[in-house]
Each structure stands twice: as structure tokens, then as C-alpha cells.
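This report looks at selected side-chain and helix contacts in one model. Please keep the sequence and the coordinates at hand while reading.

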Amino acid sequence: MKWTKALIQTLRENPGDAEIDSHKLLVRAGLVKKMAGGLYTYLPLGLRSLKKVENIVREEMNRAGAQEIVMPILQTAELWKESGRWDSMGPNMFKVKDRARHDYALAPTAEEAVVDVARSVISSYRQLPVTVYQIQWKFRDEIRPRFGLMRSKEFLMKDAYSFDTSMEAADGSYEAMYEAYKRIFSRCGLAAVPVEADTGDIGGKSSHEFHVLAEAGEDGIAACQCGYAANLEKASRRAPAREDESCPEAEVVPTPGAKTIEEVSRFMGMPASKFVKSLIYMCDGKPVMVCVAGDREVNEIKLKHFLDVASVELATPADILSASGASAGSVGPVKPLDASMRIVADFALKGAKGVMVGANIDDNHIKNVDLARDTKIADEDYADLTIVAEGDICPKCGAKMSDKRGIEVGHVFKLGVKYTEAMKAVYKTKDINEEVMVMGCYGIGVGRTMQAIIEQSHDKDGIIWPSSVSPYQVVIENLDPSDAHVTEVADRLEAELEAKGVDVIVDDREERPGVKFKDADLIGFTVRVVVGAKGLSNGGIEVKRRADDKSKTKVVPVEEALAVILDSLK
């Protein structure tokens with residue numbers, strides 16, 4: 001490919017709406033063009049890299065025994081109503097009507113659609129296990145599209161689904177996909193870390209996310225040197241040991257105008273850790289008081305799982321007043337107005353003495369509280385209910401954990417029978433009995449993976465593509481395109497590389513060398529080859545890997561250039 005024939009536009013300035021480096025470089029390097037918030041056109045260079053990531057995903061899915069299908073993007077409301085997700089998916093799902101006023105969804109995922117396929121095609125245990133996948137566009141009405149392809153309204157996703165005869169058999173399918181994911185991200189040049197994760201809207205028994213560690217990552221990850229790693233939504237910790245201490249009688253103290261933990265802490269001259277933060281949530285419509293240490297935050301996902309409820313949301317001011325007898329900021333677990341209200345607490349508070357809590361009277365708190373003596377929190381109502389923080393104790397080895405940031409590029413779920421039972425996807429056993437199929441699902445954001453590569457592999461000059469996904473693996477810089485001999489050498493080298501299966505672009509523009517080099521570094525082609533009249537007269541061609549510094553540039557004879565370039569691509 002000749003640069004003068006390619007649709008390439010590079011920019012020197014960062015786009016105004018780009019917040020992270022990879023988003024800036026996607027636009028500046030001419031990989032994508034924004035249409036509107038969360039909607040992007042893939043330009044030729046970007047599409048080449050996207051297709052290379054896609055092909056790696058496809059090859060590894062096939063290698064793992066999965067079979068490719070393609071399902072409709074437009075899905076009937078009836079399927080989603082069968083699973084119960086037509087309403088529970090909420091405003092994230094695009095819903096449309098056809099001219100006959102029938103309801104449809106633009107697929108945000110495809111569990112319902114694939115179960116419909118399975119129940120109509122699979123009838124016998126002899127057809128199981130089976131895993132199918134598609135690489136298809138998905139749509140989600142993100143409330144705040146941001147970070148380019150990381151959080152967009154339309155995105156390319158590989159979604160795979162396994163069907164098995166039992167949970168034990170499903171573990172084998174899960175493991176095959178787990179290992180395939182490790183190979184996929186390795187081939188893409190990514191250091192992706194598998195972490196335990198919550199199953200979220202997809203549901204199921206358990207799941208792992210694959211994260212690319214990056215400061216710009218949206219997800220928090222708790223990680224330990226022993227190998228334990230989990231998304232902060234899922235991460236657990238060991239409760240710190242408490243020492244026995246004496247505690248005088250509880251005493252109500254005025255705290256005028258102090259509502260937040262910070263304000264009460266300053267007023268009393270006590271650290272936040274000596275306070276109990278008490279929040280009231282409406283859980284399936286019923287008030288529940290949740291108590292955590294003053295320097296901790298409630299993990300609403302853990303709370304939802306612990307209470308085994310469908311919905312958890314902070315109570316309104318009216319509900320708070322009705323349940324506790326006070327306004328937010330003065331709520332506490334000692335004799336709230338609604339004596340029947342359930343009170344749950346983080347397990348780190350079990351045995352806590354000498355703490356300060358809201359008095360359930362506006363502008364008042366209670367000091368010297370012994371939670372066992374002064375409240376009715378039952379032993380079974382203590383649980384891990386907070387978000388893990390830097391320095392918390394690892395649940396596996398007891399060491400201190402660190403807080404990292406990650407970009408989620410893949411997710412694998414053990415779904416069990418959540419969808420197959422609801423949608424009656426059954427098979428006949430050897431004894432002609434009907435059993436429900438056991439399911440797993442496995443997603444990879446293809447465009448997000450492409451951008452994650454950029455986020456993890458770039459410098460101040462631009463992108464540094466791994467050879468496997470570079471839009472062109474080699475750029476040949478023809479410094480003298482009007483010189484017949486230089487052009488002949490550049491074109492011959494292009495043909496020899498292409499014959500070896502290497503993607504090549506020849507920069508044949510009538511531009512200054514500095515402009516060409518800046519563009520090559522910005523786009524990030526894996527290897528740069530410089531062919532010019534001056535160099536040829538001295539018997540050499542320059543070869544440099546994008547990832548190397550200038551000191552590692554090689555000047556090689558023309559006849560050796562092909563071998564050196566091929567070696568540089570390894």
C-alpha cells in the first residue's frame with residue numbers, strides 16, 4: 001500500500017473531549033473518527049487493527065472447540081420477557097418498535113437469543129457439550145459515553161455460550177474458555193490479569209474478568225502478592241483483629257450543624273475510624289440500616305447479595321426520617337424509631353466498643369457505644385459489606401493488599417441454569433428424562449481490547465503496536481520518491497516483505513523526513529525502514545523497531561534488509 005493512495009489523516013493536537021492517552025491517540029493517529037458521543041467510525045488504519053484482534057479471537061475460539069454463528073442484532077421483546085430481563089435491564093437497553101408496533105431490543109448481549117437457538121436445535125445429551133460464539137455489534141445506551149471505545153453506545157463484541165449436561169461438565173467448558181482468553185490477550189501483546197468479579201446483570205454462579213492494568217482504568221482491583229485479585233465490587237478481606245477494651249456508659253452529646261463523618265470528626269476531635277457510619281437503604285422496598293466504620297464505604301453489591309434482594313437503593317429523606325426518627329447525618333443503630341427495622345453491620349465492627357454513632361435525634365450523636373451492649377445487631381447480621389481499600393488484609397494469605405486500576409477487556413461467567421431454566425431449554429438424558437442445560441457465557445470487547453493495547457503500549461510520541469495487531473507491521477519511508485533508484489529499492493523491498501506475509505505501507509509522500517518520522521511514530525507501525533538516496537549511496541538501509549530507542553537503529557546493506565526486518569518483527 002502506498003501512503004498517497006491511503007485514507008490517512010494524522011493530527012498534531014489532542015481532541016478536546018479525550019481524557020485518556022489511548023483515546024487521544026486513537027483520534028490523532030487517524031484510527032477512528034467521532035460521529036457523536038459513544039459513536040465512532042473506524043477509519044482504514046483502525047479497522048485493520050480491529051480486524052487483526054478479531055482474527056486472533058476467532059482463531060483461539062476455534063482452537064478451543066467453539067463454533068461460530070451469527071445471531072440477529074434486532075431481538076424480539078418476547079425472548080427478553082421470558083428471561084425477565086426486558087424490565088430489569090433498565091434504560092441501558094435500546095428498545096424500538098417496528099411499523100406493526102411490535103417491541104424489539106438492539107442487543108446489548110445475547111443470552112436469550114442463544115438459548116432460543118439451543119432449545120430448538122439441541123434435544124439429546126449426545127449433542128452436548130457444545131460452545132458457540134459470534135463476533136457481533138452490541139448496543140447499550142450508556143448514560144455517559146467516555147474514553148473513546150472504552151465506554152461507547154455501539155461496540156464490537158465476541159460473545160460465546162457453552163451448554164453442558166451438569167455443573168461439573170460446565171466447569172470444563174469454563175476452563176477451556178479461560179485458557180483461550182489467556183492466549184488471546186497474550187497474542188495481542190497485552191498483560192491481562194484475571195480477577196474475581198461480580199456477575200452483575202448477566203447473573204450466574206461466579207465469574208472472572210480479564211483486566212489490563214492501567215492508571216486510566218475505570219475499574220478498581222484489589223491485588224495481593226499471593227496471586228489473589230478481585231474487582232472491588234467482588235473483593236473480600238479479612239476482618240482486622242480487635243483488642244478488648246473497657247467502655248463507659250453511652251452518652252448523648254450535641255453536635256450542632258455537623259452532619260457528615262468529616263464534620264462530626266472535626267467537631268469531636270476524633271478520627272473517622274472511631275465513628276460508625278449508618279445509612280438507610282430501601283431493600284426490595286423495606287428499610288434496612290447498614291453500619292460501617294466511618295472511614296469506609298458501603299459496597300452495595302455485597303449488601304444486595306448478603307440480603308438476597310433484587311433491589312438496593314438509598315432511602316429518601318422521608319423514608320430515613322420515618323425509619324430512624326432523624327435526618328441523614330444523625331442516624332444510628334441505638335434504638336431507631338422503627339424498632340422492627342433490620343440492622344446489618346460490616347464484620348470489622350463486630351465487638352466494637354467506644355465508638356460514636358448517630359443518636360437518631362437531629363444534631364446529636366452518642367459516644368462510648370458498645371455495639372454488643374447498646375444495639376440489637378444480631379451475630380448473623382455482621383458480614384463483609386464494605387469496599388476493599390489499600391492495605392486491607394488478603395482473604396487468602398493474610399498479607400496487605402494493594403489497590404490497582406484496570407481496563408476490563410474480557411469476562412467469563414458460570415451461568416448455571418439462570419436462563420435455560422427460565423426459557424425451558426432442556427435435553428433428553430440417556431434414560432429419556434428431561435434435564436435443564438447448564439450454561440456459561442464468555443465476552444470480549446474487541447474494540448476495547450484494541451484501545452487497551454494502545455493504553456498499555458504507547459509513549460510521548462505515539463502508539464507502539466505489537467506486530468500481531470499493528471495496522472501495518474512495516475512502514476518503508478521513501479525519503480526521495482522522485483529518485484527512480486530509491487523508489488525501485490523501496491518497491492522491491494515492499495514486494496519481498498508482502499511475499500513473506502508481512503503488511504507493508506510505503507510512505508511515498510513528498511514530505512520532509514521529520515514529518516514522515518513523526519507520523520510513523522504517532523501511528524506506531526512495529527518496524528520503520530528508511531530508504532533514501534544518501535543512505536543507499538553509503539550502502540545502507542535503516543531498520544528500527546518502534547519500541548526501541550534511537551541507539552538501536554540498524555544500518556544494513558540492501559541485500560540483508562529483508563532478513564533483518566523479518567527478524568525485527570519476531
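## Salt bridges

A salt bridge is a side-chain nitrogen of Lys or Arg within 4 Å of a carboxyl oxygen of Asp or Glu. The model is predicted, so local features need pLDDT of at least 70 and side-chain atom pairs count only at pLDDT 80 or more, while totals for chains, interfaces and linings use all residues. Residues are numbered from 1 along each chain as its sequence is written, and side-chain values use heavy atoms, with hydrogens and water left out.

Glu59 and Arg187 form a salt bridge at 2.6 Å, N to O, and this pair links helix H2 to helix H6 (residues 167–187) across 128 residues, helices being DSSP runs of H or I with at least four residues, numbered from the N terminus. Arg187 also forms a salt bridge with Glu60, where the closest N and O atoms are 3.0 Å apart. Glu60 is buried at 3% relative accessible area, whereas Glu59 is partly exposed at 43% (buried means under 20%, exposed over 50%, partly exposed in between, with a 1.4 Å probe and protein chains only).

## Cysteines

The search of the whole structure finds 0 disulfides, a disulfide being a pair of cysteine sulfur atoms within 2.5 Å. The sulfur of Cys291 is 13 Å from the closest cysteine sulfur, in Cys283, which is too far for a bond. Cys283 is buried, with a relative accessible area of 4%, and Cys291 is buried at 1%.

Technical notes. Helix = DSSP H or I, 4+ residues; strand = E, 2+ residues; numbered from the N terminus.
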